[in-house]
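Subject: Structure handover

Hello,

Here is the structure I promised to pass on. Please open it alongside this message.

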Amino acid sequence: MILSLFVGFILGAAALLFALQNTEVVSLVFMGWQFQSTLALLVLVSVGVGVLISVFASIPSAVGNHFRIRMLEKTNKDMQHLLELKKQ
């Protein structure tokens with residue numbers, strides 16, 4: 001837990017430094033939409049959207065793995081019970 005807190009602090013400090021050093025206003029045009037914002041904000045928002053997309057893309061495999069683990073745990077419990085019966 002302390003390691004993840006430390007890594008989070010370092011990443012937060014790096015993001016803050018990045019935002020403070022990239023204050024130039026840039027214009028972004030995408031499919032008819034036009035945005036004007038600081039470079040740091042656009043980059044950080046883009047990274048955040050990328051993280052959200054990767055999290056949503058990994059949800060189906062995580063759910064599938066959860067059900068597979070539950071099934072294997074039940075099978076393991078049943079086999080342990082059968083082994084106990086054979087020992088008696």
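Below are my notes on what was found, taken topic by topic.

Please keep in mind that this is a predicted model.

The pocket

Start with the largest pocket. It holds about 150 Å³ of space. Five names to select are Leu 28, Phe 35, Leu 42, Val 45 and Ser 46, which line this pocket. Four of the lining residues are nonpolar and one is polar. No charged residue takes part in the lining. Helix α2, residues 39-87, gives the largest share of the lining, with three residues.

The surface patch

A nonpolar surface patch covers about 870 Å². Its members are Leu 39, Val 43, Val 47, Val 51, Leu 52, Val 55, Phe 56, Ile 59, Val 63 and Phe 67. Take Leu 39 as one of them. Leu 39 sits in helix α2. Its relative accessible area is 33%, so Leu 39 is partly exposed.

The salt bridge

How many salt bridges does the structure hold? It holds one. The partners are Asp 78 and Lys 74, whose side chains meet at 3.1 Å, N to O. Both residues belong to helix α2, where they are four residues apart. That spacing is about one helical turn, so this is the separation between Asp 78 and Lys 74 along the helix. Are the two partners buried or exposed? Asp 78 is partly exposed, at 38% relative accessible area. Lys 74 counts as exposed, because its relative accessibility is 54% and the cut-off for exposed is over 50%.

The loop residue

Now go to the loop between β1 (25-30) and β2 (33-38), where Met 31 is placed. What is the phi of Met 31? It is near 50 degrees. That is a positive value, and Met 31 is a residue other than glycine. Met 31 is also exposed, with a relative accessible area of 72%.

Two distances

Ala 15 lies in helix α1, residues 2-21. With a relative accessible area of 28%, Ala 15 is partly exposed.

For the second pair, pick Ile 2 and Lys 86. Here the sequence separation is 84 residues. The distance in space is 47 Å, again C-alpha to C-alpha. Ile 2 also belongs to helix α1. At 71% relative accessibility, Ile 2 counts as exposed.

Where to look again

Best wishes

Definitions and conventions:
Residues are numbered from 1 along each chain as its sequence is written. This is a predicted model: local features need pLDDT of at least 70, side-chain atom pairs count only at pLDDT 80 or more; totals for chains, interfaces and linings use all residues. Side-chain values use heavy atoms; hydrogens and water are left out. On a 1 Å grid over the protein atoms alone, a cavity is a set of points where a 1.4 Å probe fits but cannot get out, and a pocket is an open set with protein on both sides within 12 Å along at least five of seven lines; lining residues have an atom within 4 Å of a point. Grid points are joined across faces, edges and corners, and a volume is the space filled by probe spheres set on the points. Helices (H or I, at least four residues) and strands (E, at least two) are DSSP runs, numbered from the N terminus. Ala, Val, Leu, Ile, Met, Phe, Trp, Tyr, Cys and Pro count as nonpolar, Asp, Glu, Lys and Arg as charged, and the others, Gly among them, as polar. Patches are made of residues with over 30% relative accessible area and no salt bridge: like charges are joined within 9 Å, nonpolar side chains (Val, Leu, Ile, Met, Phe, Trp, Tyr) within 5 Å. Accessible areas come from the Shrake-Rupley method with a 1.4 Å probe; for residues, only the protein chains shown count as cover. A salt bridge is a side-chain nitrogen of Lys or Arg within 4 Å of a carboxyl oxygen of Asp or Glu. Buried means under 20% relative accessible area, exposed over 50%, partly exposed in between (1.4 Å probe, protein chains only).
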